Amino acid sequence: MGVANFFAFLFIAPSCFQLLRISESKLPQEEVDALKEITSTMGAAYWKFETDSCKIEMVGLTREPPDESERSIDCDCSFENHTVCHVVKMTLKRLSLPGILPPQLAKLPFLREVDFAYNCFTGSIPKEWASMKLASISLLVNRLSGEIPKHLGNITTLTYLMLEANQFSGVVPPELGRLINLQTLVLSSNQLTGNLPLSLSGLQNLTDFRINNNNFTGTIPNFIQNWQLLQRLEMHASGLEGPFPSNISLLKNLLQLRISDIKSPSQDFPFMGNMASLTTLVLRNCNLSGVIPSYIWMMMNLAVLDVSFNMLIGEIPTIISARRLRFIYLTGNMLSGNIPNSILKDGSSIDLSYNNFTWQDPEQPACQDGIGNLNLNLFRSSIKENKLEEYVPCSKNFSCPRYSSCLHVNCGGKDVNVKDDKGENLYVGDVDVPGGTATYFYSDDDHWGFSSTGDFMDDFESQNIRYTVSLPSSNMPELYKTARISPITLTYFHNCMENGDYTVNLHFAEIQFTNDKTYKSLGKRIFDIYVQGKLIRKNFNIENEINVADKPLVLPIYNISITNNVLEIQFYWAGKGTTRIPDAGVYGPLVSAFSVVSDSRPCSNGEKKVAVSIIIAIVAGALCLVLFISGFIWWKGFFRGKLRRKEGTKDGDIQAGNFSLEQIRAATDDFSSANKIGEGGFGPVYKACNLNQTQNLVGLIDERLGPDLNKTEVEKVVKVALLCTNASPSLRPTMSEVVNMLEGHTDIPDAIPEPSTYNDDLRFKALRDLHQHRSKQSLSGNQSQSSMTHTLSSTSGGNTHTTSYIEDHSSVDNS
């Protein structure tokens, strides 16, 4: 035991002596004072620093900093035989500091790394920094503006420069080409313009280059071939144009290649056979044509393949040796052939939507549920003569059992009833639908659904499942507290709609950004909106429409024409906007709810809405019944003298066409609801068509009128009157036809309203008759055009803003 203790002492003693030396080391007072000046310039209201331990005890806008904040000062105490310390690294992150970048940073001559990410600094980068020997600068997510300073090119010691998510504008200064030691250069999510300067070709130590979401011009430069050490290249919506340089294959060390949403002439798939180390390949919306090279399916390290929204043709090979390939997005191409088993792997996410593959019957492997953890999206993956069937993959002989004239969906939320000036509607929720990187959902009962494509990048989750978001603490209406999101594209559809013109209302509320003065308010969400395949809004930004987050926005879209019984609403992320606020992976389309309502038909899905036309039909039918019965009796002379006072009659003064209140009360059994048949223009109409069920039509006439009535004539009149109650105008007889039937010149049709329905209220009978009549109408629609206008209006004193957008919407076939 003594020997063991001795060796333990020998092991621990050096560490103790080192700690003792550190505790004895001193941070120069000028650096202590500089730290206080620096934090004050940065806008910190509180600052407390322990000199001996080189530890921050308090910093920020409040005594207790945000939980997610990072605060540290690193000191190197190896100077002058461990008697002097110097500040070498400073991290003040996620504090939302509102000041400016401190020029006093130059008073820390040994400082090498600064991380001031996720604050709210304004202004630019101080020129005093150019005299320092900084190796790493991170200014991710701030409010810095103006041109990128040229004097940054003097900090030749820099290896890392992160300027993402600021407001820098203008051209990239050629002086950055002097940073020969630079390994990481990230300029994404700014407002940079012009060409990439040729001087950047000298950055031969670059391993990471990202310029997403900018406004650059020109083509992708050939000089990127000089970056032989490059491992990560990102150009999402950079503004640069294609085609890809042919020498891109020289970048043999690439691990991640992400290029999307570029303008380009049609180009073949670029040669990448030398990039054996690739793990992520994204070439989305780059106007690629031809086939996917066979070597792509044999890349042993490839895990993510996204070549969606191109014009690629060909088939998926039956043998795929890329064993790590788990995320495959082939959406929006012209790929064909069968879907082979080689691509149907456990744990994979495969999106084949919008293609021309062979139709998959329910019996085929792609339609089976036996493969665990497989996310497979076959939405519109085949082209069918029956367009309705494309929306229900793996179905057989699909047909619509009924057609709808409205749809209300609460995206990412639960079922909720919403009242407006037209009544109350049930918005059906889809919160119970699990998210996924390749998701397809279809409601067999209501014939609507959605398709979602993509995985949120850089969020440190291998397979994201958070495709709905919520803000339960918000004071907004329930409809806006939840939303569905998507990293690439989200499509809602209904494939059993009645043809005609519709109004679509899209509901939004930005619930992932804030309205406060923190870095969480700096996010920008930008996406495109398509309806029926037409671009409705390009670069749509929810906050820009109403200048605030957490507030409802309704976007009405008028004159939407449905001609093939299908409605499609698509949201697409085209690479614009921030992707790291408030955290990495926050971007892409967000929608709270939507409604689709016919311009000419009542809402066939809503049980609480009754159209004015139906009410008119009910009233007209009820009046028709009373008038014809009364008219016939008058015509036959019963009221003019044939009817006389009968013995035992309580009131002995019945006059032709006149009834006392007591007579009417007795005839209706004191206005019993059982005898009520509808509402007329002058009030309720009583008894009673249900007598036809027992073939006792004479019972419609009050028995106190006497036994001398001609029962044949009575039945004739009643049958004609019942025909007049039909809800459909086309099925009601004309006046001339009524006269001919009453006079015996024309036979009375037997197709009077079915007896089996007389136990129901006639109002519901009319509703059903009208629906049956309209369901037989032609399914063809006429093209409608309207001039395009764009207006913005806000409701005074309310919380809802409305943006109106009217565009020419002609017949669209989304094949």
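Which residue in β18 does Asp-268 stand opposite? Asp-268 stands opposite Ser-289. This is a predicted model, in which local features need pLDDT of at least 70 and side-chain atom pairs count only at pLDDT 80 or more, while totals for chains, interfaces and linings use all residues. Residues are numbered from 1 along each chain as its sequence is written, and side-chain values use heavy atoms, with hydrogens and water left out.

**Strand pairing**
- β16 (residues 267-268) and β18 (residues 288-291) pair in the parallel sense over two bridges; strands are DSSP runs (E, at least two residues) numbered from the N terminus, and two strands pair if DSSP finds at least two bridges between them.
- β18 also runs parallel to β20 (residues 311-313), joined by three bridges.
- Ser-289 has Met-311 as its bridge partner in β20.

**Aromatic contacts**
- The whole structure holds 28 aromatic pairs (ring centres of Phe, Tyr and the six-membered ring of Trp within 6.5 Å; planes under 30 degrees apart are stacked, over 60 edge-to-face, the rest tilted).
- Phe-271 and Tyr-295 form an edge-to-face pair, because their ring centres are 5.7 Å apart and their planes lie at 70°.
- Phe-271 lies in the loop between β16 and β17 (280-284) and Tyr-295 in the loop between β18 and β19 (304-306), so the pair ties together parts 24 residues apart in sequence.
- Phe-441 and Trp-448 are likewise edge-to-face, with centres 5.5 Å apart and planes at 70°.

**Charges over rings**
- Arg-466 lies over the face of Phe-456, 5.2 Å from the ring centre (CZ of Arg or NZ of Lys within 6 Å of the centre and within 35 degrees of the ring normal).
- Arg-525 lies over the face of Phe-513, at 5.5 Å from the ring centre.

Key. Helices (H or I, at least four residues) and strands (E, at least two) are DSSP runs, numbered from the N terminus.
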